[in-house]
Amino acid sequence: MQHLILRPGPQLVMRAFRPETEDTGSRLKEVDVTGRAHEHLFELVTVHAETTLADIFRLMEASPLLQKFYRRDFAEELCAEARKGAAEPSASQQAALEGIEVLELYQEWGLDTSTNEYSGMQRLHLHGIGHELAEDLPEERRKKGERIEWSVSLTPLRELLSLPVRVKDEVRITEEDATAKAYMSEIRRARCADVTLGQVIHGLVWELSFHGGPQEQVEVSEDLKRQVAEVDAGTVDFVSADDVFEPLYKPGCDALFEELGGRSTREIAAAIRDIEDDQNAAAWLERVFEGAVVVKPQFRNRSGREFRKAFRAAGR
């Protein structure tokens, strides 16, 4: 039995038990494989609690083939940026970064309960985890002792290098059946401590390069600031949500309803999403819209999930 441990430094060791003999018995053996990390991407790994993001990039320097493996995630550009060393955060980032205690890699799986199929089980996601709040924050609906989760996709890499990296073993599982009422909502929790070295590195570089390499991220950040400034200045022409969504919902409404009772297709679609999976859809809609909306006869015995499935199918 063998297992990787990634320690600060960095030091990547392969821990294994030597075969038990009459002379030696069972003895634990550790082999330093830092310079050959690329050979162990598919091995399970434990990340030491004091290992930082800087250690991960130093590992990619010690085993440079890793940069080739993750070339599509701008690994070489990220390594070049990390090589410059940690930097003080800008004034705009200071408050957020002071609140971040660790960088957390976490798993989020999807489960289609209609087919019992899981998805998204390979990739680790990344966010920052804040310190425990010392007091309530009513304006943000946060309570004392909670931790805020922070997106770090547009945070300059050098400002994150000194933060520890942790892997969360609790898994959030969300509904993946688009016709279920709970679609995209959490439906259960699980635990999975088995992650590979390759998953850990990929989860980090994928999130840190979500908007491209360091230079591309600066450009995206500046563009977002410009758009916010335009909104604040009132120089942006907004598009009505009805103009966007009405055409998308019209085929489903035409196919499943005799009368809409003057309701917009967006109102109808929003109501359909709220029907319980096993509830009669026609009866529920009749009650909610006080009889103004009439479902076609062939769809009046459909449950909420079946009705949503037919509604979606009509719009394809």
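**Notebook: one chain, predicted model**

Entry 1, overall dimensions. I looked up the radius of gyration, taken over C-alpha atoms: the chain has 26 Å, whereas a compact globule of 316 residues would have a value near 20 Å. The globule rule is 2.2 Å times the number of residues to the power 0.38. Along the principal axes, I find that the C-alpha atoms fill a box of roughly 80 × 60 × 40 Å.

Residues are numbered from 1 along each chain as its sequence is written, and side-chain values use heavy atoms, with hydrogens and water left out.

Buried residues make up 38% of the 316; buried means under 20% relative accessible area, exposed over 50%, and partly exposed in between, with a 1.4 Å probe and protein chains only. The accessible surface comes to about 18,300 Å², and 48% of it belongs to carbon and sulfur atoms (Shrake-Rupley method, 1.4 Å probe). For contacts (heavy atoms within 4.5 Å) between residues at least 6 apart in sequence, I note that 62% join residues at least 24 apart.

Which residues touch the most other members of the largest nonpolar core? They are Leu53, Phe57, Met60, Leu197 and Ile201, in a core of 39 residues. A nonpolar core is a set of buried Ala, Val, Leu, Ile, Met, Phe, Trp, Tyr and Cys residues joined through side-chain atoms within 4.5 Å. Elements that each supply at least two residues of this core include strand S1 (2-7), strand S2 (11-17), helix H1 (53-62), strand S5 (100-112) and helix H5 (197-208). Another core, of 20 residues, lies apart from it, with Ala282, Trp284, Phe299 and Phe307 among its members.

I checked H1 for burial: seven of its 10 residues are buried, so H1 is largely enclosed by the rest of the structure. The buried ones are Leu53, Ala54, Asp55, Ile56, Phe57, Leu59 and Met60. Setting aside residues up to four places away in sequence, Met60 touches Leu66, Gln67, Tyr70, Ala75, Cys79, Ile201 and Val205.

Leu78 is found in helix H3 and, at 1% relative accessibility, counts as buried. Beyond its neighbours within four places in sequence, I list contacts of Leu78 with Phe57, Asp73, Leu157, Val205, Leu208, Ser209 and Pro214. I also looked up Leu6, 72 residues from Leu78 along the chain: their C-alpha atoms are separated by 20 Å.

Where is Pro10 found? I place Pro10 in the loop between S1 and S2, and a cis peptide bond with omega of about 5° joins Gly9 to Pro10. Two residues other than glycine have a positive phi: Phe74, near 60°, and Met184, about 70°. Met184 has its place in the loop between strand S9 (165-175) and strand S10 (186-191).

Terms used: Helix = DSSP H or I, 4+ residues; strand = E, 2+ residues; numbered from the N terminus.
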